[in-house]
Structure formats: C-alpha cells, structure tokens
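Visitor: I'd like a close look at one part of this model, with the charged side chains in mind. Please keep it brisk.

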Amino acid sequence: MTIDEIRDNFALLDDWDDRYRYVIELGRTLAPMPEDEHSAANKVQGCASQVWLSRHVDGDGATPVLNYLGDSDAHIVRGLIAILLTLYSGRTPQEIMSIDAPAVFDELGFRDHLTPQRSNGLRSMVERIRTDAREALAAAS
C-alpha cells in the first residue's frame with residue numbers, strides 16, 4: 001500500500017467512524033513483530049499506549065535503507081503506525097528527513113480527530129524515526 005492509496009481511500013470515506021475503522025484495518029496489515037523485539041530498547045517513550053518500533057538497516061554503508069516493524073497494544077495506534085511505516089520504512093535517511101509526516105496526518109484530517117495524548121504519541125514516533133535517520137547518516141559519514 002502506498003500513501004497515495006491511503007489518501008484516496010480516506011477521500012472516499014466521509015464519516016470519521018468509517019475512517020477510524022479503515023485505520024484499524026490498516027493496523028491489521030502490519031507485519032507481525034517478533035516477541036523479542038517488544039523490548040525496552042524498541043519501546044517508544046511519550047506514547048500513552050505501548051508502542052514499539054524496531055529498526056533494521058539494510059544496504060551498504062554509504063546508502064543505508066531503514067526498514068521498520070511496529071506494534072502497539074491499541075488498535076487505532078497500530079493503524080497510525082501502519083501509515084507511518086508506509087511513509088518511512090524502506091527509505092534512505094535522506095528521504096526520511098525530507099518527509100513531513102505531521103503534514104500528511106494533518107492533510108488526512110487527524111489534527112482535529114486525535115486526542116492530545118495520541119497526537120503526542122504520534123510526534124514521539126516521528127521523532128524516533130527521524131533520530132534513527134540522523135544516526136544512520138552520521139554512521140555513513
């Protein structure tokens with residue numbers, strides 16, 4: 001699934017109850033995260049729900065590609081993770097740094113439809129991925 005497909009599907013759904021159901025369905029499409037990756041090191045701080053993001057770096061040292069697995073104990077949050085991974089996973093650090101995930105979530109209408117706690121958690125997830133990208137850039141230099 002691409003972010004453009006997600007945008008198109010959102011545009012077809014007028015009602016936020018339907019959009020929430022769609023986000024939950026997106027969360028069900030996440031690849032399973034092995035239990036050993038539900039670790040303290042992979043836990044994202046600043047989220048009201050439990051959230052784990054596991055980073056795997058592929059590619060040669062000069063052009064690393066960051067791939068992610070994600071999981072949460074909350075259905076809506078799993079869906080938000082699915083959207084984030086659609087934006088960020090499988091990208092180079094430079095690509096990650098150029099993506100404005102908050103703008104995409106605003107475009108989809110989440111600004112007015114997420115609780116403050118979920119908005120903070122989303123920001124924490126984005127910052128975690130951007131930190132990973134900065135670290136990968138530094139390691140490649």
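Is arginine 28 buried or exposed?

Guide: Arginine 28 is exposed, at 53% relative accessibility. Here exposed means over 50% relative accessible area, buried under 20%, and partly exposed in between (1.4 Å probe, protein chains only). This is a predicted model: local features need pLDDT of at least 70, side-chain atom pairs count only at pLDDT 80 or more, and totals for chains, interfaces and linings use all residues. Residues are numbered from 1 along each chain as its sequence is written, and side-chain values use heavy atoms, leaving out hydrogens and water.

Arginine 28 has a partner. It forms a salt bridge with glutamate 25, with the closest N and O atoms 2.5 Å apart. A salt bridge is a side-chain nitrogen of Lys or Arg within 4 Å of a carboxyl oxygen of Asp or Glu. Side chains of opposite charge can pair when their charged atoms come close. Glutamate 25 is partly exposed, at 42%. Arginine 28 and glutamate 25 lie about one helical turn apart, because three residues separate their positions in helix 2. Helices are DSSP runs (H or I, at least four residues), numbered from the N terminus.

Helix 2 spans residues 16-28. Arginine 21 and aspartate 18 are also three residues apart there, so about one helical turn separates them. They form a salt bridge too, closest N to O 2.5 Å. Aspartate 18 is partly exposed, at 31%.

Now to other pairings. Aspartate 106 and arginine 111 form a salt bridge at 2.5 Å, N to O. Aspartate 106 is partly exposed, at 31%, while arginine 111 is exposed, at 59%. Asp4, Arg7 and Glu107 are joined in a salt-bridge network. The whole structure holds nine salt bridges.

Methods
Helix = DSSP H or I, 4+ residues; strand = E, 2+ residues; numbered from the N terminus.
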